[in-house]
Amino acid sequence: MTPQRAGAKAVIEIYEVLRLAAARRQAVTAIYDGLPRLLCPHVLGRKSGRLQALFYQFGGGSNTGLPVTPEGMGDWRCLAVEKLSQVELRADGWHTEPRLRRQTCVDEVDFDVDDQPEEEPQ
């Protein structure tokens, strides 16, 4: 089954949801490669002119599986925004772990969570 690519307007709308989620440090649900995924967007931008994002995936499906870490289950994923669908904000917490090496998912960074100050809890 070939993944369906979203139209240009839909891709921009999905990108805006991802940017909002990253700014709020909020997780999203999405479909990618036909599998539901639980994701936290960390870096958004372009690589070779295409919109891409670096996510921390903490649940859902994966063609390669998710490793189990001491903190739970999760792994870093570089995903093409045009291949995402049914992207929705989630109310549950932010998931992450330290990036052990420099990210190469995005060449032209538009937004990086690590460059943003974390808001103080109310």
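Helices (H or I, at least four residues) and strands (E, at least two) are taken here as DSSP runs, numbered from the N terminus. The model is predicted: local features need pLDDT of at least 70, side-chain atom pairs count only at pLDDT 80 or more, and totals for chains, interfaces and linings use all residues. Residues are numbered from 1 along each chain as its sequence is written, and side-chain values use heavy atoms, with hydrogens and water left out.

**Helix α1**

Select residues 8–24, which form helix α1. Step next to Arg25, which follows α1 and has a positive phi, near 50°.

Now colour α1 by burial, where buried means under 20% relative accessible area, exposed over 50%, and partly exposed in between (1.4 Å probe, protein chains only). Val11, Ile14, Tyr15, Leu18, Ala21 and Ala22 are the buried residues of α1. They lie on the same side of the helix, because their arc around the axis is only 120°, taken from the directions from the helix axis to the C-beta atoms. On the face turned away from this buried side, select the exposed residues Lys9 and Arg24. Then display β1 (28–32), β2 (35–47), β3 (50–60), β7 and β8, which are among the elements covering the buried residues of α1; contact here means heavy atoms within 4.5 Å.

**The disulfide**

Select Cys78 and Cys105, whose sulfur atoms are 2.1 Å apart and form a disulfide (a pair of cysteine sulfur atoms within 2.5 Å). Cys78 is in strand β6 (residues 75–80) and Cys105 in the loop between β7 (84–89) and β8 (108–112), so that the pair links parts of the chain 27 residues apart. The torsion about the S-S bond is about 80°, so this disulfide is right-handed. Cys78 is partly exposed, at 40% relative accessibility, whereas Cys105 is buried at 5%.

**Salt bridges**

The whole structure holds eight salt bridges, each a side-chain nitrogen of Lys or Arg within 4 Å of a carboxyl oxygen of Asp or Glu. Begin with Lys83 and Asp33, paired at 3.4 Å, N to O. Lys83 is in the loop between β6 and β7 and Asp33 in the loop between β1 and β2, so the pair ties together parts 50 residues apart in sequence.

Move to Glu82 and Arg50, which meet at 2.0 Å, N to O. Glu82 is buried at 18% relative accessibility, while Arg50 is partly exposed at 43%.

Finish at Asp114 and Arg99, whose side chains form a salt bridge of 2.9 Å, N to O. Asp114 lies in the segment after β8 and Arg99 in the loop between β7 and β8.

Conventions
Expected span 1.5 Å × (residues − 1).
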